[in-house]
Amino acid sequence: MKRMLLTAVTLLVGVWAAAQVKDTTKVLLIGNSFTYYGNSHEKIAAIALSQGHKLDVRAEYVGGYTFSRHLRRDGTIKAIEIANPDSQYAFAFLQNQSQLHARYGSAPARYKHVLADAKELVGRIREYSPDAKIYLEQTWSFSKDDYGRFGSYENFDRLLKKGTCLLAKRTHAFCSPIGDAFAIAREECPEIKIYHKDGKHQGDYGAYLKACVNYLLIFREPFTEDADPCGLDPKACAKLRSIAERVVLK
């Protein structure tokens, strides 16, 4: 019954917010299971609507996909190649296979193909949406498989950040610091389960945190108190929004 009431309240907030929309922003999301677990693409749209913004989201996610595989996938290429200039993307968020950016951070010369793929994907998006602001997502470390074979949360996070920042700099894109937000949440709010039960993917709260970080990168404004918790515990979501604000706005 409690879940039903929360859902009903969320729907009512959505209806009210739809009448208060201030703008519409077209966003492209490309990634894999580190995006579609927990439906972060739906969460970012719901959060935005509750803040008075409509997001027109095009999401292309396939489990385990790298940038290289997306570049060979018809669905991804069709999503990028917009024929109508009025439908160009304002923002694009690109999420690579979870360990590749850390490997690139550890040995750029050895993993130069990671940079080549990032350049090609970013370049393809700029060809059709030249004004789009493009973010490479710095994903999070995880405990599974000896921390992705990097030995610890800290080392994995360090290499993910280093690799993503290098790739962003060398493709003239920007970095989405999702991994930084996860590290803070893991340290300060261990009671909030940001990981899926597999100890690797994001859970519902992790997907919410990811959506909050990317929302703030788009709109650059603090959340209001009526930000949509997307059917999750409102107090936990308020903590995650605060973490996202610290990482992005401060």
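His172 is placed in the loop between α9 (153–171) and β5 (174–176), where helices (H or I, at least four residues) and strands (E, at least two) are DSSP runs numbered from the N terminus. The model is predicted, so that local features need pLDDT of at least 70 and side-chain atom pairs count only at pLDDT 80 or more, while totals for chains, interfaces and linings use all residues. Residues are numbered from 1 along each chain as its sequence is written, and side-chain values use heavy atoms, with hydrogens and water left out.

Most residues other than glycine have a negative phi. The phi of His172, a residue other than glycine, is positive and near 60°. His172 counts as exposed, at 64% relative accessibility (buried, under 20% relative accessible area; exposed, over 50%; partly exposed, in between; 1.4 Å probe, protein chains only). Asn39, likewise not a glycine, has a positive phi of about 55°. Asn39 lies in the loop between α2 and α3 and is partly exposed, with a relative accessible area of 34%.

Thr35, in helix α2 (residues 33–36), is buried, with a relative accessible area of 3%. Its side chain makes a polar contact of 3.3 Å with the side chain of Lys210 (a pair of N or O atoms within 3.5 Å; within protein, one must be able to donate a hydrogen and the other to accept it, and residues adjacent in sequence count only if both atoms are side-chain atoms). Beyond neighbours within four places in sequence, Thr35 is in contact with Ser40, Tyr61, Gln95, Glu137, Gln202 and Lys210 (contact, heavy atoms within 4.5 Å).

Helix α3 (residues 40–50) packs against helix α11 (residues 204–219) at an angle of about 55°, with the axes 8 Å apart; axes are lines fitted to C-alpha atoms, for helices over the stretch in contact, and angles run from 0 to 180 degrees between N-to-C directions. Residues Ser40, Lys43, Ile44, Ile47 and Ala48 of α3 meet residues of α11 that include Ala207, Tyr208, Lys210 and Tyr215. By class, this contact of α3 with α11 has 10 nonpolar, 2 polar and 3 charged residues (nonpolar: Ala, Val, Leu, Ile, Met, Phe, Trp, Tyr, Cys and Pro; charged: Asp, Glu, Lys and Arg; polar: the others, Gly among them).

Helix α10 (residues 178–188) and α11 pack at an angle of about 130°, with their axes 9 Å apart. Ile178, Ala181, Phe182 and Ala185 of α10 make the contact with Gly206, Leu209, Lys210, Val213 and Asn214 of α11. The contact of α10 with α11 has 6 nonpolar, 2 polar and 1 charged residues by class.
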